[in-house]
Amino acid sequence: MAVTETTLIDAGIAAGLIDPDALPALRLAARRERIRLLEAVTRAGRFPEAALYQALARQRGMPYLLPKDLVAVPELLEKLPAGVLQRRPMLPVRRDGEYLLALGDPDDRLSPEIAGRATGERLRPALTAPEALTAALRHQRGGAPQMTSVETGPLDATGLLDTLMKDAYLRRATDLHLEPEQYGVRVRERVDGHLLEYPRPLTPQEGEAVISRIKVLANLDIAEQRLPQDGSMSYRLAQWDTPPVDVRVATAPTRWGERVTMRLLGAGTTGLGLEGLGMPEPILGPFRDAINRPHGIILVTGPTGSGKSTTLYAALREIDSDDMNILTVEDPIEQLVPGISQVQVTTKVDFAMALRSFLRHDPDVILVGEVRDLETAETAMKAAMTGHLVLATLHTNDAVGAVTRLADIGVPHYLIGATLIGVMAQRLVRRLCHQCRVPYRPSAEERERLGGELPEDLTLYRAVGCPACLGTGYAGRVGLFEALWVDRALGELIATGAREDVLRKTAAERYYTLWRDGREKVLAGEVPLAEVERLVPKEAR
C-alpha cells in the first residue's frame, strides 16, 4: 500500500519543509497546471519527494536509508522469493552492524514478518523513497530498470529528459552527468560540489534515446558519436511555471558509448549580490573600493567550479550600469545582466579579438571571462593602463600565484606591477545545515589544528542530516576568499620580478588568506573544520 499524499504533506509540515499557509495557493496552482499537489509542493520548496519520506521516517521514529545505503546483504536477499519482492518491494541491508529492512511504506507490517520468516533474521523496518528502493532491487537482482509514470506509462526520451531535469532543479544541481557503462547509463548530479547518484540507472536504449534528444536540443550532430562536441540550449521544464534553464552541453566518446555532461548555468546564483557570497568584511570593503576605481585590472582566481564567474557577476551588479558603459566577453555567457553588453566567444571571435574590438566602443568597464594566453593578457593589461577598469578570471591556486602565472604567460613584470589593483582567490565549501547541525567541544588535536588563541569553552558544529538537507548535513555552499591588494610598494616589487615569498612578506597583514577566512567560518559555526582542511593545503595555512 502506497503512502498517501496527505501523510507525506503532514510529515513535511511537521518537519518545517512546507508552510501550511501556502497549501491553498499550491492546491489552486496544481489544479490550474494539471499536476499533482506533491509536485507543486516540492517545486515550490525546491526539494525532491524523497525529502518528505525522510520527514515521515523522522515523524515515525524509523531509520531512513539514503540511496547510497541501499546495498543488499546478498545471502539474505537470495532467500526472498522474486514473486514476493515484485508484490512487496523490500531490501535487507546492514548498517552500523544492524540488519535493516528497507521499505517504501512505514505502515507495512506484513513485509517484515515475511522477511523474518524467510531469512531467519530479525530485520528492523527502515523507510526509504519507493523509487530508490525499486531501482536498488532491480539493479541488485539483475533486472532491467523501467522508469514508469502513473499517468503516462513508460516514458519516452522527452519525458525522461524532463524527469531528469526536474530532479536536478529540485536538488539545485549545477551539473548533470550521463555516463554509459556496460549494462546501462549511470546518471549523477553535482549538488553542493559533490556528485550524487540518481536513484536509478537508465537502460542502454533509454540512455541512447535521451542523449540523442539532448543533442537535438543543443544543435549537435546526432550522427557523430566518435568526436567530442559542445553546444548549448535553453530548457523549459514541462508543465512547470518556472524560468527556462540555460544549459551548456558537452559530449565525448567512451568505451561503452557517448557520455554527456550538462552544466546548468546560473543555478541558484542568478541575482546574487556581494553580501550573499559570504565575503568577509576585510575583503568586501576593499573589493567594493576596487571595482569603483577608474582604471586598472582586478583578477579573480581559483579552480574550475570555484564561483569566480558568480563573484564577477555580483561585482557588475554593484556598478552603476546607467552611468557606465560595461562590456563583457565570456565563454559561455552564464548569466544575463541587464544594462550591459555581453559577447559570446565563438570559433570566429576569441577573447583577444573581442577585447581589441571593445576598445573602439568607448568602454568604462570590461569583463574578460578567462585570461588564457599572452595575447588576451597583454590586451587586457593595456586596456587597464589606458583608462579602463578590467575584471578577469585566471586559473591559479592562490592570489600571489596570479603574478607568477601572468609572468609565465609572457606578460612583462612592469606591466603587471603598473596595472594590477588586486587579486582575489576563492573556493566553495559546503555550508552546515542550520536546522540539524549539532554543537560539540573540539578535542585538543582539533584545537591545535585550528591554531591561534581560542576560548576555553569553544564550541564547534558538525553535520548530522535531516529532511531539509536531504540527509547530507549540508545546505548550499559559501565562498572562502583570499585577497592581495597591490599598493605602490608591492607594485614596485612586482615590477622588479620579486619572488612569491617576498610578495607575501611585504603584503603581511593586508594579505588575507584562504585559511584565515576558513578558520573564521569554522569558529562561526558556518562550516566544519574538515571541509576547510580538505580545500586548503597544509602549506597554505
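# Briefing: domains, a buried helix and salt bridges

The side chains of Glu39 and Lys166 form a salt bridge, with N and O 3.5 Å apart. This is a predicted model, and the domain assignment of the protein divides it into domain 1 (5-141), domain 2 (157-264) and domain 3 (274-429 + 477-523).

**Domain 1 against domain 2**

- Taken over C-alpha atoms, the centres of domain 1 and domain 2 are 26 Å apart.
- The contact involves 14 residues from domain 1 and 14 residues from domain 2.
- The size of an interface is often given as the accessible area lost when the parts come together.
- For domain 1 and domain 2, the area buried between them is about 1,300 Å², and 56% of it is on carbon and sulfur atoms.
- On the side of domain 1, Arg43, Arg46 and Pro48 lose the most area to domain 2, and together they account for 46% of what that side buries.
- Between the two domains there is 1 salt bridge, and 3 residue pairs are in polar contact, with both residues at pLDDT 80 or more.
- Two elements, α3 (37-45) and α8 (130-140), each give two or more residues to the side of domain 1 that touches domain 2.
- That side of domain 1 consists of 5 nonpolar, 3 polar and 6 charged residues.

**Helix α3**

- Helix α3 is largely enclosed by the rest of the structure, because 7 of its 9 residues are buried.
- The buried residues of α3 are Leu37, Leu38, Glu39, Ala40, Val41, Thr42 and Arg43.
- The cover over these buried residues includes α1 (5-14), α2 (23-33), α4 (50-60) and α9 (157-170).
- After α3 comes Arg46, which has a positive phi, near 55°.

**Gln344**

- Gln344 belongs to strand β14 (residues 341-344).
- Gln344 counts as partly exposed because its relative accessibility is 31%.
- With neighbours within four places in sequence left aside, Gln344 is in contact with Glu330, Asp331, Pro332 and Ile333.
- The Gln344 side chain reaches the backbone nitrogen of Ile333 at 3.2 Å.
- Gln344 and Glu533 are 189 residues apart along the chain, and their C-alpha atoms are separated by 37 Å.

**Salt bridges across the structure**

- The whole structure contains 31 salt bridges.
- One of these salt bridges joins Arg431 and Glu526, whose closest N and O atoms are 2.7 Å apart.
- The Arg431–Glu526 pair links distant parts of the chain, 95 residues apart: Arg431 is in strand β17 (residues 420-432), and Glu526 is in the loop between α20 (514-523) and α21 (529-535).
- Arg431 counts as partly exposed, at 23% relative accessibility.

- The side chains of Lys521 and Asp517 meet in a salt bridge at 2.8 Å, N to O.
- Lys521 and Asp517 are separated by about one helical turn, because they are 4 residues apart in helix α20.
- An α-helix has 3.6 residues a turn, so residues three or four places apart point the same way.
- Both Lys521 and Asp517 are buried.
- Arg519 forms a salt bridge with Glu520, and the closest N and O atoms of this pair are 3.9 Å apart.
- Arg519 is buried, at a relative accessible area of 14%, whereas Glu520 is partly exposed, at 40%.

Conventions. Residues are numbered from 1 along each chain as its sequence is written. This is a predicted model: local features need pLDDT of at least 70, side-chain atom pairs count only at pLDDT 80 or more; totals for chains, interfaces and linings use all residues. Side-chain values use heavy atoms; hydrogens and water are left out. Domain bounds come from an automatic or database domain assignment. Contact means heavy atoms within 4.5 Å. Buried area is the accessible area (1.4 Å probe) that two parts lose on being put together, summed over both. A salt bridge is a side-chain nitrogen of Lys or Arg within 4 Å of a carboxyl oxygen of Asp or Glu. A polar contact is a pair of N or O atoms within 3.5 Å; within protein, one must be able to donate a hydrogen and the other to accept it, and residues adjacent in sequence count only if both atoms are side-chain atoms. Ala, Val, Leu, Ile, Met, Phe, Trp, Tyr, Cys and Pro count as nonpolar, Asp, Glu, Lys and Arg as charged, and the others, Gly among them, as polar. Buried means under 20% relative accessible area, exposed over 50%, partly exposed in between (1.4 Å probe, protein chains only).
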